[in-house]
Amino acid sequence: MEPDLVLHGSASFSSPYVFSAFVALEEKRLPYELKLLSLADREHERPEYRDASITGRVPALRHGDFWLAESSAIAEYLEEVFPPPAHPRLYPADPRERARVRMVQALVRSDFLPVRTERTTHVLFQGEPAGPLSPEAAASAARLYRIAGALLPDPSRHLASIFTPADADLSLLLMRLVVTGEQVPPALAAWARRVWTRPSIRAWLAHTRFRG
Ligand SMILES: N[C@@H](CCC(=O)N[C@@H](CS)C(=O)NCC(=O)O)C(=O)O
């Protein structure tokens with residue numbers, strides 16, 4: 001029997017969090033329905049969605065009668081409920097590798113705020129113009145390059161021994177800077193561009209104006 005899975009996202013396809021959950025579902029190759037809410041029309045604030053999702057934000061996954069919000073929790077839930085080897089693996093088996101994946105997922109969500117603010121996903125996915133980086137954002141970008149470089153000693157590989165949601169998340173953060181021509185170290189820019197050739201990510205990009 002097919003799982004009753006519904007991913008709730010935003011109609012603008014600009015949420016990095018919906019992106020992350022979408023890629024996780026695509027990587028699991030599970031049949032699911034994508035329900036799009038207009039954040040502009042505040043559809044996520046309607047009581048039926050707000051109360052079911054608890055957070056009232058996107059993404060939220062409905063699996064049967066179970067609702068779950070928070071993008072990284074969604075990926076981890078999918079891994080546990082649809083585990084390997086019956087389903088493609090999302091998180092590495094090795095505890096240290098898995099911990100590093102979670103570390104990167106937490107880091108990109110809690111850090112680099114100036115970069116995320118000045119290089120919004122509307123710039124990345126909808127081609128909106130962006131001004132020069134402020135000194136604060138430039139410093140945040142430099143910090144990102146140093147950290148990404150340390151996490152990716154060999155940029156021809158993934159962050160872990162397999163592709164994981166952390167590759168999707170970190171590549172999105174770097175691509176915010178790549179598309180606006182910032183001085184991203186070439187090996188990191190090439191890594192992010194290569195990650196973005198992945199079918200799960202191409203499936204997302206097909207809904208956006210990104211053609212890079
Ligand atoms: N930590 C959450 C963040 C979710 C989030 O902030 N979603 C935004 C879209 S990018 C949202 O729903 N915004 C609508 C609102 O807060 O009113 C996750 O990882 O899923």
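This is a short tour of the structure, stop by stop, with something to select at each one.

Before you click, note that this is a predicted model, in which local features need pLDDT of at least 70, side-chain atom pairs count only at pLDDT 80 or more, and totals for chains, interfaces and linings use all residues. Residues are numbered from 1 along each chain as its sequence is written.

**Stop 1: the sheet**

Select strand 1 (residues 5-10) and strand 3 (residues 60-63), which pair in the antiparallel sense over four bridges. Strands here are DSSP runs of E with at least two residues, helices are runs of H or I with at least four residues, and both are numbered from the N terminus. Two strands pair if DSSP finds at least two bridges between them. Show the side chains and you can find histidine 8 opposite alanine 60 in strand 3, while leucine 5 has histidine 63 as its bridge partner.

Zoom out to see four strands forming an open sheet in the order 2-1-3-4, with mixed pairing. Strand 2 (33-37) and strand 4 are the edge strands, each pairing on one side only. On average, neighbouring strands of this sheet are turned by 20° against each other, direction ignored.

**Stop 2: two helices**

Next, select helix 1 (residues 16-28) and helix 3 (residues 71-81), which pack at an angle of about 10° with their axes 8 Å apart. Axes are lines fitted to C-alpha atoms, for helices over the stretch in contact, and angles run from 0 to 180 degrees between N-to-C directions. Helix 1 and helix 3 are therefore roughly parallel to each other, a label given to angles under 35 degrees.

Which residues meet here? Tyr17, Ser20, Ala21, Ala24, Leu25 and Lys28 in helix 1 meet Ser71, Ile74, Ala75 and Leu78 in helix 3. The residues of this contact divide into seven nonpolar, two polar and one charged. Ala, Val, Leu, Ile, Met, Phe, Trp, Tyr, Cys and Pro count as nonpolar, Asp, Glu, Lys and Arg as charged, and the others, Gly among them, as polar.

Keep helix 1 on screen: helix 1 lies across strand 1 and strand 3, running at about 150° to strand 1.

**Stop 3: the two domains**

Colour domain 1 (5-81) and domain 2 (95-205) separately; such bounds come from an automatic or database domain assignment. Their centres, taken over C-alpha atoms, are separated by 22 Å. At the meeting of the two, 13 residues of domain 1 are in contact with 13 residues of domain 2, contact being C-beta atoms, placed from the backbone, within 7 Å. On the side of domain 1 that touches domain 2, the largest share, eight residues, comes from helix 1.

**Stop 4: the ligand**

Finally, select the ligand and its surroundings, including Ser10, Ser15, Tyr17, His44, Arg57, Glu70, Ser71 and Arg109. A residue is near a molecule if its C-beta atom, placed from the backbone, lies within 6 Å of it. The shell residues divide into four nonpolar, four polar and three charged.

Methods
Angles under 35 degrees count as roughly parallel, over 145 as roughly antiparallel, 65 to 115 as roughly perpendicular and the rest as oblique.
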